[in-house]
Amino acid sequence: MHEDETSQVIDRGQYEGTKTPWDQETWRSAALGWARRELAARGLCETGRLGVRLRPWSVLVRIPVEGSVEGPTAVWLKANPPAGAFEAPLTAALARWVPEYVLEPLAVDADRGWSLLPHGGELFWQFLDRTPADPRAWEEPLRQYATMQRALIPHTKDLEQLGVPSARTTTLPEVFDEVVQFIEATAEPAADPAQLHALRPLLLELCAELAELGIPDSLDHSDLHDGQLFHPEPGRYTFFDWGDAAVSHPFCSFLVPAGRVRERYGPEALPRLRDAYLEPWTGNGHSTTELRRALTLATRLGVIGRAASWNRHFPGASAATRTAGATESARSLLKLSPDEPLF
């Protein structure tokens, strides 16, 4: 089915020249056909214009729907590139393993990396914007996220079998090497290779100390900012958008929310939120001092997961897109040796 321009609103953000499968009519028809069939099977039908968000790393389509009185008013079709196709089966698996903390997809096509997701309610950033400024608002979502991570520890091998990238604490140096190779392969090197290679001894030191503390690997979201979780009702939070995820040290996840909190409220807010995140990890034989040290180490190492995720774009991405990804990867890696401590 041909989708004319009047039936959709396209948002390319700052990536006007980006290449995605949405620009191919056969792919577009297949994806929308699949979504419409899945909607029909649930008594829902499309109504209104599609809202299409195109980025080098995903296609996201808002589909207005009608049907059941208590059903959703819109659903979301998400398509990932091959390197991020694991998000579809991961989303379905999380809904089985930790249903209270995630969105349950309406349908997934694991082979093609497609997900059909319900509307999740109010985004956390919307809640923060309409309420008085208070960094304590982050405490409960961080506790719930950490509790979810602990529950997922027995599933790390299952996660890797789903295709979730492996960036375990002991193999982070190898992931670092792969990212540096990606950066060096760009037409315009994003950083001095010697400067990046010089970070490796520090990386080995940090990884060895963190591994010695003995906290098991789990699922690292890698991009847990205030637009990646819903706040559908008081006291409840659901986490989504797992395209940057990896199996790694769980505490690496604290990097992004810590950065957002620091920007919004100042560094003085971080110790309290650090302890809120660590609360679910107590009682497992580690002292408070050990947990805090592990969080400090993992937060620095979390930049590697952020750097690796910048290479997960659709095939055929422009040279400009690849260079932009390499630049962001380099910026992330260079933060391994920060000018000032996080805490």
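A cavity is a set of points, on a 1 Å grid over the protein atoms alone, where a 1.4 Å probe fits but cannot get out. Grid points are joined across faces, edges and corners, and a volume is the space filled by probe spheres set on the points. By this rule, two cavities of 30 Å³ or more are found. The model is predicted: local features need pLDDT of at least 70, side-chain atom pairs count only at pLDDT 80 or more, and totals for chains, interfaces and linings use all residues. Residues are numbered from 1 along each chain as its sequence is written, and side-chain values use heavy atoms, with hydrogens and water left out.

The protein contains 12 helices and 11 strands. These are DSSP runs numbered from the N terminus (helices, H or I, at least four residues; strands, E, at least two). The radius of gyration, taken over C-alpha atoms, is 20 Å; this agrees with the value near 20 Å for a compact globule of 343 residues. The globule rule is 2.2 Å times the number of residues to the power 0.38. Along the principal axes, the C-alpha atoms fill a box of roughly 55 × 50 × 40 Å.

The largest cavity has a volume of about 40 Å³. Its lining (residues with an atom within 4 Å of a point) consists of Glu-87, Thr-91, Leu-103, Leu-117, Phe-239, Phe-240, Asp-241 and Trp-242. Five of these residues are nonpolar, one is polar and two are charged. Ala, Val, Leu, Ile, Met, Phe, Trp, Tyr, Cys and Pro count as nonpolar, Asp, Glu, Lys and Arg as charged, and the others, Gly among them, as polar.

The second largest cavity holds about 40 Å³ of space. Ala-167, Leu-172, Asp-220, Ala-246, Ser-248, Cys-252, Leu-301, Gly-302 and Gly-305 line this cavity. Strand S11 (246–248) and helix H11 (288–309) are the elements that give two or more residues to the lining. H11 gives the most, with three. By class, the lining has five nonpolar, three polar and one charged residues.

Helix H4 (residues 139–152) packs against helix H10 (residues 270–278) at an angle of about 35 degrees, with the axes 7 Å apart. Axes are lines fitted to C-alpha atoms over the stretch in contact, and angles run from 0 to 180 degrees between N-to-C directions. The crossing is right-handed, meaning that the near helix is turned clockwise from the far one by less than a right angle. Glu-139, Leu-142, Arg-143, Tyr-145, Ala-146 and Gln-149 of H4 meet Arg-272, Leu-273, Ala-276 and Tyr-277 of H10, with contact taken as heavy atoms within 4.5 Å. The contact residues comprise six nonpolar, one polar and three charged.

Definitions and conventions: On a 1 Å grid over the protein atoms alone, a cavity is a set of points where a 1.4 Å probe fits but cannot get out, and a pocket is an open set with protein on both sides within 12 Å along at least five of seven lines; lining residues have an atom within 4 Å of a point.
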